[in-house]
Amino acid sequence: MSKRVNPLDRFAKDLSPGSLEWIGLRTERRAPLVTTHSVLAIANRGLEGDHRVDKTPGSGRQVTVISREFIQQTAHFLGIEDIDPGELRRNLVICGMNLHALRYQRFSIGDALFEAGALCHPCSRMETALGKGGVAAMLGHGGLCCRIIRSGLITVGDDVRVEAQGTTRDMFSKSP
């Protein structure tokens, strides 16, 4: 499957690697997230043990990713010290890289390959989880929805790296 062409792809090669900080699985709809140290990412399906793995194969929302920096920004807007990642209902928390720069990019974590797509907008449940103003605080900081391109084990502490794969591979080898 070819990667979607994005005019900013040529700059993605300069994105410093980040790190996987946290993994959470939603075992069933509306259930609290279960934190785990590692999980199998299943191509075209989702994370093993997450309720979305049995939903529509090929969905653009197989995995949701948010950055530690977005969580900190949301906490800042709410005037609180920190937010438990499980409250935000995202599957993966990464740190150390500009999450928005990953949009429409393929990136690896551990042995798995992901492709980031749509923004993951906050839902009204964030008003309950975070209190009044939770949705407004998360606007623009809700993370990304991703597909799993290649199966593999991912573990907390793994590097997060942009991968030069797909139709834009040649853009990574040329100078700007």
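# Notebook: salt bridges, strands and buried side chains

I began with glutamate 21, which forms a salt bridge with arginine 68; their closest N and O atoms are 2.7 Å apart. I count a salt bridge when a side-chain nitrogen of Lys or Arg is within 4 Å of a carboxyl oxygen of Asp or Glu. Glutamate 21 lies in strand β1 (residues 18-26) and arginine 68 in helix α2, so the pair ties together parts 47 residues apart in sequence. Helices (H or I, at least four residues) and strands (E, at least two) are DSSP runs, numbered from the N terminus.

Before going on, I noted the basis. This is a predicted model, in which local features need pLDDT of at least 70 and side-chain atom pairs count only at pLDDT 80 or more, while totals for chains, interfaces and linings use all residues. Residues are numbered from 1 along each chain as its sequence is written, and side-chain values use heavy atoms, with hydrogens and water left out.

**Salt bridges**

I looked up the burial of the opening pair. Buried means under 20% relative accessible area, exposed over 50%, and partly exposed in between (1.4 Å probe, protein chains only). Glutamate 21 is partly exposed at 29% relative accessibility. Arginine 68 is buried at 14%.

The total comes to 7 salt bridges. Arginine 26 and aspartate 50 make one of them, at 3.6 Å from N to O. This pair links distant parts of the chain: arginine 26 sits in strand β1 and aspartate 50 in the loop between β4 and β5 (63-67), 24 residues apart. Arginine 26 is buried, with a relative accessible area of 5%. Aspartate 50 is buried at 2%.

I then checked arginine 147. It forms a salt bridge with glutamate 115, with the closest N and O atoms 2.6 Å apart. Arginine 147 is in strand β9 and glutamate 115 in strand β8, so the pair ties together parts 32 residues apart in sequence. Arginine 147 is buried at 14% relative accessible area, and glutamate 115 is buried at 11%. I also found a network: salt bridges that share partners join Glu21, Arg68 and Asp82.

**Arginine 89**

I found arginine 89 in the loop between α3 (85-88) and β6 (92-95). It is buried yet has no salt bridge. The nearest side chain of opposite charge is aspartate 50, 7.6 Å away; Lys and Arg count as positive and Asp and Glu as negative, with His and the chain ends not counted. The arginine 89 side chain does reach the backbone oxygen of alanine 31, at 3.0 Å. Leaving aside neighbours within four places in sequence, arginine 89 is in contact (heavy atoms within 4.5 Å) with residues including Arg26, Arg30, Pro32 and Met126.

Next I traced the pairing around β7 and β8. Two strands pair if DSSP finds at least two bridges between them. Strand β7 (residues 106-109) and β8 run antiparallel, joined by 4 bridges. Their hairpin has 2 residues between the strands, and glycine 110 there takes a positive phi near 60°. Arginine 106 stands opposite glutamate 115 in β8. β7 also pairs with strand β11 (residues 159-163), antiparallel, over 4 bridges. There, arginine 106 has glutamate 163 as its bridge partner.

β8 pairs with strand β9 (residues 144-150) in the antiparallel sense over 5 bridges. Leucine 113 stands opposite arginine 150 in β9. Of the 8 residues of β8 (residues 112-119), 6 are buried, so this strand is largely enclosed by the rest of the structure.

I checked side-chain directions in β7. Arg106 and Ser108 point one way, Phe107 and Ile109 the other way, and all are buried. Phenylalanine 107 has phenylalanine 114 in β8 as its bridge partner. The structure holds 1 aromatic pair. The rings of phenylalanine 107 and phenylalanine 114 have centres 5.4 Å apart and planes at 15°, so the pair is stacked. Rings of Phe, Tyr and Trp (its six-membered ring) pair if their centres lie within 6.5 Å; planes under 30 degrees apart count as stacked, over 60 as edge-to-face and the rest as tilted.

**The open sheet**

I found an open sheet of 3 strands in the order β4-β3-β10, with antiparallel pairing. Its edge strands are β4 (46-47) and β10 (152-155), each pairing on one side only. Strand β3 (residues 38-42) is joined to β10 by 4 bridges. Alanine 41 has glycine 152 as its partner in β10.

**Phenylalanine 70**

Last, I looked up phenylalanine 70 in helix α2 (residues 68-78). It is buried, with a relative accessible area of 10%. Its contacts beyond four places in sequence include Leu99, His100 and His141.

Conventions: A polar contact is a pair of N or O atoms within 3.5 Å; within protein, one must be able to donate a hydrogen and the other to accept it, and residues adjacent in sequence count only if both atoms are side-chain atoms.
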